[in-house]
Amino acid sequence: MDPKTSHTHSHLREAAKQTTTRLSLSLFLTLAFVIIEAGAGIFANSLALLTDAAHNLTDVIALGLTWFAVRITAQPANAQKTYGYHRAGILVALLNSTTLVLISLGIFYEAYRRFIAPPEVQSSILIAVGLIAVVINLVTALLVHRGSEHDLNLRSAFVHLMGDVLSTVGVVIAGVIIYFTDANWLDPFVSVLIGFLILYNAWGILRDAVDILLEATPHDVDIKALVKDIAQVDGVLGIHDIHVWSLTQSLRTMSAHILTDDVHISIAADIQRNIREILRHRYNIAHATLQLECVDCFPDSLYCDLNGHLHGEGIRHAEHLPSR
């Protein structure tokens, strides 16, 4: 095995081990608090606490699935899974965001019932448990935060937990106001706000997960600019049949047909290397499959037609095309 490949796999396994350790600790803390918060919510007759406990329960599920996905994603590719298991994390993110939407709908229904007939809420318990929840959720969120910027799976878990931090702050504020004013309607009102917060976070993750599964072009990749940059590489006469997609939020890949003159294989290798440098440094595309084609091997109409759609104003080096 190539030493660089071996080192990369070893680094990935070590990173996955550290991440799963942090996830395990977060999972234990969250599960223990769910039991405490649910009991307190029943005793205090607080929908806000029960709502937050339900949200925390989805965090337990999310953390468990995220833990599993991180472990399986670190497994190497094989004959059946030639891309490896990177998409496992995306499937988990999709499942996590879908459960968040369902939880939100349940929260809205129960809040509606309590708006009609607000029950008396024991605000002192609401405040005390809410303060504990803020600390627990913040600690678990920070444990998961590392790496979440570039991993949709970890990001879905982090958003779950940060949503809890904000929602429990709302619970504490509602408890304080209820304590001084007996405004019990604030309990379901805060639950509705938590529900909308959950929906907002879930929508962003759901959209990104669906885009990746549909192999959409990453949002920050400008195809027209990419084609223009490739066309400026010496030896490139045109580009067509281009596809850019993501395996995960941070792992991108691309395939394209590159038109060149009938050149020696060493020159073709230089063209490919120069294109890959541009893709890696400007567009964060680490893996690219580039099929080089001689212009004379394909009809000019196929080349010009597809290139016109991509470039709009033609390509550089068009003067090198053979006349018809």
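Ala-88 lies in helix H3 of this predicted model. Leaving aside neighbours within four places in sequence, Ala-88 is in contact with Ala-69, Ile-72 and Thr-73. Thr-73 stands 15 residues from Ala-88 in sequence, and the C-alpha atoms of the two are 6.5 Å apart in space.

Helix H3 spans residues 87–116, and Phe-115 is also found in this helix. Phe-115 has a relative accessible area of 38% and is therefore classed as partly exposed, since that class lies between the limits of 20% for buried and 50% for exposed residues. Together with Trp-185, Phe-189 and Leu-193, Phe-115 forms a nonpolar patch on the surface. The accessible area of these four residues together is about 390 Å².

The chain as a whole may now be considered. Its secondary structure comprises nine helices and three strands. Read from the N terminus, the elements follow the order α-α-α-α-α-α-α-β-β-α-β-α. Of the 324 residues in the protein, 44% are buried. The accessible surface comes to about 17,000 Å², and carbon and sulfur atoms account for 63% of that area. Among contacts between residues at least 6 apart in sequence, 75% join residues that are at least 24 apart.

The three strands form an open sheet with mixed pairing, in the order E1-E2-E3. Its edges are strand E1 (238–246) and strand E3 (287–294), each of which pairs on one side only. From one strand to the next, the twist averages 10°. Strand E2 covers residues 252–260; E1 and E2 run antiparallel and are joined by seven bridges. Within this part of the sheet, Gly-238 stands opposite Leu-259 in E2.

Two helices may be described in relation to these strands. Helix H7 (residues 223–231) packs on the sheet and touches E1 and E2. The direction of H7 makes about 130° with that of E1. Helix H8 (residues 265–283) lies across E2 and E3, and runs at about 145° to E3.

The backbone also deserves attention at two positions. Most residues other than glycine have a negative phi. Against that background, which phi does Asp-241 have, positive or negative? Although it is not a glycine, Asp-241 has a positive phi of about 50°. With a relative accessible area of 36%, Asp-241 is partly exposed, because its value falls between the 20% and 50% limits.

Where is Glu-215 found? Glu-215 belongs to the loop between helix H6 (186–213) and H7, and H7 is the helix that packs on the sheet against E1 and E2. The relative accessible area of Glu-215 is 44%, so this residue is partly exposed.

Definitions and conventions:
Residues numbered from 1 in each chain as written. Predicted model: local features only at pLDDT ≥ 70, side-chain atom pairs only at ≥ 80, totals over all residues. Heavy atoms only, no water. Helix = DSSP H or I, 4+ residues; strand = E, 2+ residues; numbered from the N terminus. Buried < 20%, exposed > 50% of the residue type's maximum accessible area, 1.4 Å probe, protein only. Contact = heavy atoms within 4.5 Å. Areas by Shrake-Rupley, 256 points an atom, 1.4 Å probe, with all protein chains shown as cover. Patch = residues over 30% accessible without salt bridge, like charges linked within 9 Å, V, L, I, M, F, W, Y side chains within 5 Å. Salt bridge = Lys/Arg side-chain N within 4 Å of Asp/Glu carboxyl O. Pairing = 2+ DSSP bridges. Axes fitted to C-alpha atoms, helices over the stretch in contact; angles between N-to-C directions.
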